[in-house]
Amino acid sequence: MSDRDETPTTRLRRELPAEVPAAPAAPPTGAGRQQAEQQPALTGRQRLVNGLWPPRVTRAQLIVALLLFGLGFGLAVQVASNSEGDGALRGARQEDLVRILDELDDRTQRLEEEKQGLESQRTELENSSDQAEEARRQTVEKERQLGVLAGTVAAQGPGITLTVEDTKGTVEADMLLDAVQELRAAGAEAIQVNGVRVVAGTYLTDSGDGVGVDGNKIDQPYRFKVIGKPQDLEPALNIPGGVVQTLEKEQATVVVERADKIIVDALRAAERPDYARSSSQ
Amino acid sequence: MIAVLGLVLGVVAGLLVGPEVPAVVEPYLPIAVVAALDAVFGGLRAMLDGIFDDKVFVVSFLSNVVVAALIVFLGDELGVGAQLSTGVVVVLGIRIFSNAAAIRRHVFRA
């Protein structure tokens, strides 16, 4: 392709000794043509200087100048276009661009999938946190309801007060227990007697001239504060042969009053049962 | 001297004009430039050897450019354009280096 290709054999032979010996001026295997060249005793350096100075306008010089102009032009243009801002993709070949585009598509797809996954995860978490919130709300609600039953929270609502004055000391624990049972049967939701909350585990004992409720001695008059439906509670106490009549038979004074607002504020500490465990989840 | 002036003028003109490279020749221009460089080094060496011939130089210059562009074009068509242009650049680079070595020996005697 280049001039060098024109005479490969001589070139090759001349190169080899030039590399090895210290005196390249007289290569031992020089071809005849080379010796003829050396006749004018012109070295390469002299030829270079001769070519450069003085400037001669010859056909060869002009043609070479034209070609070199083209080369310089192309070089400068290529360098300029390569160093432009968008040079990264500018010089790229079509297949490279296609590959880059494919990679970008893949990447976009992957990121899209990742985004979808994360979004569904987020939705899931939001739902579950909503559900957790709902569950918590229901739990709190349930706790309140159960707290009313267990006596750990105060309660208020419509109900009745039942006052038993037992000046003669004839009222015994079982009568009060009957009253409590009757109230429960009539739908009483929260009961307290003289400041003691009556719950599921409440027991009543006779204790001297009074009555013990869960070990707390209470004296007459016994005041029951009961939350429930007054229309059910009052008749339940007043039925013939019921609590009121039984107590009155013992010469106690019994007063039943309906009230729109009864406050049961006697509390009881929540106790963890020692043996019983919840068998449900 | 005129030739060197031509090269300098070309570089200056290319930088000043700064034309957009047409999309058609865009993949071939870098390879063509490298091929032309190879031809120029070959020519320089031939001149130092005293066997420079302007006709040979013109033909080798143009054919270098054309063949390099052709190889790249063929490579693009075959789908191995990137590898093939790398190969062309490597081969031309080796030739440029060996030519440069010969020139160096002429000029510096080393």
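1. Residues 27-44 of chain B are 89% helix and 0% strand, and their end C-alpha atoms lie 27 Å apart; helices here are DSSP runs (H or I, at least four residues), strands being E runs of at least two, numbered from the N terminus. This is a predicted model, in which local features need pLDDT of at least 70 and side-chain atom pairs pLDDT 80 or more, while totals for chains, interfaces and linings use all residues. Residues are numbered from 1 along each chain as its sequence is written, with chains lettered from A and ligands numbered from 1 in the order in which they are written.

2. An unreviewed UniProt entry lists residues 27-44, 56-74 and 80-103 of chain B as "transmembrane region", an annotation that may be inferred rather than shown by experiment. Residues 56-74 of chain B are 100% helix and 0% strand, with end C-alpha atoms 26 Å apart.

3. In chain B, the axes of helix 2 (residues 29-49) and helix 4 (residues 81-108) come within 9 Å and cross at roughly 20 degrees, the axes being lines fitted to C-alpha atoms over the stretch in contact, with angles from 0 to 180 degrees between N-to-C directions. Helix 2 and helix 4 of chain B are therefore roughly parallel to each other (angles under 35 degrees).

4. Between the chains, 46 residues of chain A are in contact with 54 residues of chain B, contact meaning C-beta atoms, placed from the backbone, within 7 Å. Helix 4 of chain A gives the most to the side of chain A that touches chain B, with 22 residues.

How values were computed. Two residues are in contact if their C-beta atoms, placed from the backbone, lie within 7 Å. Angles under 35 degrees count as roughly parallel, over 145 as roughly antiparallel, 65 to 115 as roughly perpendicular and the rest as oblique.
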